[in-house]
Amino acid sequence: VLTTEPFDADEYIERLAWRTPGGGSKGGAEAFDPKRLLEEFKNHIEELKQLDERIQRRVEKLEQQCHREAKEFARKVQDLQRSNQIKEAADIIQKLHLIAQELPFDRFSEVKAKIASKYHDLERQLIQEFTAAQRRGEIGRMREVAAVLLHFKGYAHCVDVYIKQCQEVSVRDVFEDTAQLCQRVSKQVGEVFCSPETVMAKLIQSIFENKLQTHVKDKLEESRRSDSEQYLKNLYDLYTRTTALATKLTEFNLGSDKHTFLAKLIKNIFSTYLESYIDMEREHLRARSAMILQRYYDSKNHQKRPVGTGSIQELKERIRLRTNLPLGPSIDTHGETFLSQEVVVSLLQETRHAFERCHRLSDPSDLPKNAFSIFLLLVDHLCVDHIDYALEIGLSAIPSADAKNANLYFLDVVQQANTIFHLFDKQFNDNLMPLISSSPKLTECLHKKKEVIEQMEVKLDTGIDRTLNCMFGQMKHILTTEQKKTDFKPEDENNVMIQYTNACSKVCAYVGKQVERVRRSMDGKNVDTVLTELGIRFHRLIHEHLQLYTYSSMGGMLAICDVAEYRRCAKDFQVPLVLQLFDTLHALCNLLVVAPDNLKQVCSGEQLTNLDRNLLHAFVQLRADYRSSRLGRHFS
């Protein structure tokens, strides 16, 4: 252990020998162990060496620290002296520079030149000093030098040097890096410069006009001519990120009109791209939509037919529609509707992206007009080229009313068209309306949408009407081929074993299937409208059909059974009017079996009293016993 007393080697050895067992005089000469004492001496000598080395290292470290502190102190003293000298020199040269401005050039040109030279030398030294202080991160020194330079012409150059050095970092993401850089230097700028808002504005302007503009140009130019989709995505992404960056930068002190300042910087970068944006958008959407449609028709191995207007084909269609004359065979689509929900979703998705870009990239004054032009392209490709084309093909595929076992695929077209209309309407409301709701274009858009939907509804109505005609024709064919005269006037009145006729059974089965198809294909009020029309035609067919036969008493009972079955079938329509019509028909059929004496009373019953007596008479005339029972007298 080190003490403050002087070190005595003899005394230290004596103490060590005394403490070591076998090393002193204890126990006499026999207990003395020279080897053990030697070993102990060696160990202690080694320990003393190590202690000496540790002390030596500490001494050297303390000497180095003292040397550094002395050097740093000397530098600070020197800097302080230099600072004071620079301030004094700056003050003097500034005053001389001002005086020199007043001196006449011809007499004092040499003096003026020397003053100007000294002025520029000192200015250069100050800028170098500021740059060195910035690199060392010495805020106080930077502030001192900047304060001196403020009165020199080179102050602006000092700011430029500061801005340049701030940006001397590797760029990973120009948008994130810019926001982080401004966050980092904002406080520093406030501490160093007397007009921090000007310096921050100049820093941001430098970043926008150099790094950001270069980044945008590099990104856009490489895709502008080769890949319009990537170009539009890049433009949207870059513009969105730039405006988001500008919003972040408004947190900093950039002067009174910072929003206008940032908007101008953004405009300078993007103006050339934004001017041509909507033309690029429309061209891309047109090409992309055409490709989606063509790819679909190719997958169906289908060559699109030209849909004529004002042609011979259209004249044939009109004549066939009104007269049901077979003017050439109908097209067999093999059940293909030529409508695809996948195609529709793709078209709507492309258009949704276009609306999003349009919203972001259009000038507010041009936004409604641009959005409307995108909407027109959607109408062309989705409504005209796809839906309307499918309706035309569907109409052409509807067989004539007298076709046998016709496949009525048009209801499948109706079903898919309804689904597509809902998707189209949703996009109109979700994506287009917010862009045009407060502009005069709203009226134009609503009118265009109404016009398109009305044109398609006319074709849908036409197709549904012709489909109902086919159903009517099929029911008529079943009745004509299956109903026999002997059904209602059997040869053996006592041997009738059926509940209703075979014709009735087949018609009801057919009608039941068609009602289900209509329900699957329509929605809302359209179901009731179409089923009402089908029900009225169904009733008229049965009403007219029953008047073709003469009825015996048992035949009349069978006719009532048939009508009861038709009435049960009519319940599936869930249309009160149709059910009422069959209730009345059922009551009329009672006239076929009622006893002659009760005929007058039945005709005056609740269900028949309001009917035309000629109609009642016509039904009574169908009875086999009309003449023999002189039933005509009840109507004379």
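Student: How do H21 and H23 sit relative to each other, oblique or roughly parallel?
Tutor: In this predicted model, the axes of H21 and helix H23 (residues 613-620) come within 10 Å and cross at roughly 55°. H21 and H23 are therefore oblique to each other.

Student: Which residues make that contact?
Tutor: H21 brings Leu585, Leu588 and Cys589, and H23 brings Leu615, Leu616 and Phe619. By class, the contact of H21 with H23 has six nonpolar residues, no polar and no charged.

Student: And H20 with H21, what is the angle there?
Tutor: Helix H20 (residues 553-571) packs against helix H21 (residues 576-589) at about 175°, with the axes 9 Å apart. An angle over 145 degrees counts as roughly antiparallel, and H20 and H21 are therefore roughly antiparallel to each other.

Student: Who meets whom in H20 and H21?
Tutor: On the H20 side there are Ile560, Val563, Ala564, Tyr566, Arg567, Ala570 and Lys571. They meet Val578, Leu579, Phe582, Asp583, Leu585, His586 and Cys589 in H21. The contact of H20 with H21 divides into ten nonpolar, one polar and three charged residues.

Student: What about Asn590, where is that?
Tutor: Asn590 is in the loop between H21 and helix H22 (599-603). Its relative accessibility is 30%, so Asn590 counts as partly exposed. The C-alpha atoms of Asn590 and Met557 are 8.2 Å apart, while the two residues are 33 residues apart along the chain.

Student: Let's zoom out. How many helices and strands does the protein have?
Tutor: There are 23 helices and zero strands. The protein has 636 residues, and buried residues make up 40% of them. Of the contacts with a separation of 6 or more, 77% involve residues 24 or more positions apart.

Student: Switching to aromatics: how many aromatic pairs are there?
Tutor: The structure holds 14 aromatic pairs. One of them is Tyr239 with Phe270, an edge-to-face pair with 5.1 Å from centre to centre and 85° between the planes. Tyr239 lies in helix H9 (residues 228-249) and Phe270 in helix H10 (residues 258-275), so this pair ties together parts that are 31 residues apart in sequence.

Student: Are Tyr239 and Phe270 buried or exposed?
Tutor: Tyr239 and Phe270 are both buried.

Student: How are H9 and H10 themselves arranged?
Tutor: Their axes come within 10 Å and cross at roughly 175°, and H9 and H10 are therefore roughly antiparallel to each other. From H9, the contact uses Tyr231, Leu235, Leu238, Tyr239, Thr242, Thr243, Ala246 and Leu249. From H10 come Leu262, Ile266, Phe270, Tyr273 and Leu274. That contact of H9 with H10 has eleven nonpolar, two polar and no charged residues.

Student: Back to rings. Why does the pair of Tyr297 and Tyr389 count as edge-to-face?
Tutor: The ring centres of Tyr297 and Tyr389 are 5.8 Å apart and the planes are at 80°, so the pair is edge-to-face. Planes over 60 degrees apart count that way. Tyr297 lies in helix H11 (residues 277-299) and Tyr389 in helix H14 (residues 367-397), so the pair ties together parts that are 92 residues apart in sequence. Tyr297 and Tyr389 are both buried.

Student: Which lysine lies over the face of Tyr389?
Tutor: That is Lys304, at 4.5 Å from the ring centre. Lys449 lies over the face of Phe428, also at 4.5 Å from the ring centre. Ring pairs link Phe428 into a cluster with Phe372, Phe375 and Phe424.

Student: Last topic: which residues other than glycine have a positive phi?
Tutor: Asn301 is one of them, with phi near 55°. Phe338 also has a positive phi, of about 60°. Most residues other than glycine have a negative phi.

Student: Where do Asn301 and Phe338 lie?
Tutor: Asn301 is in the loop between H11 and helix H12 (312-323), and is exposed, with a relative accessible area of 73%. Phe338 is in the loop between H12 and helix H13 (341-361), and counts as buried at 8% relative accessibility.

How values were computed
Residues numbered from 1 in each chain as written. Predicted model: local features only at pLDDT ≥ 70, side-chain atom pairs only at ≥ 80, totals over all residues. Heavy atoms only, no water. Phe/Tyr/Trp six-rings, centres within 6.5 Å; stacked < 30°, edge-to-face > 60°. Helix = DSSP H or I, 4+ residues; strand = E, 2+ residues; numbered from the N terminus. Buried < 20%, exposed > 50% of the residue type's maximum accessible area, 1.4 Å probe, protein only. Lys NZ or Arg CZ within 6 Å of the ring centre and 35° of its normal. Axes fitted to C-alpha atoms, helices over the stretch in contact; angles between N-to-C directions. Parallel < 35°, antiparallel > 145°, perpendicular 65-115°, else oblique. Contact = heavy atoms within 4.5 Å. Nonpolar A, V, L, I, M, F, W, Y, C, P; charged D, E, K, R; others polar.
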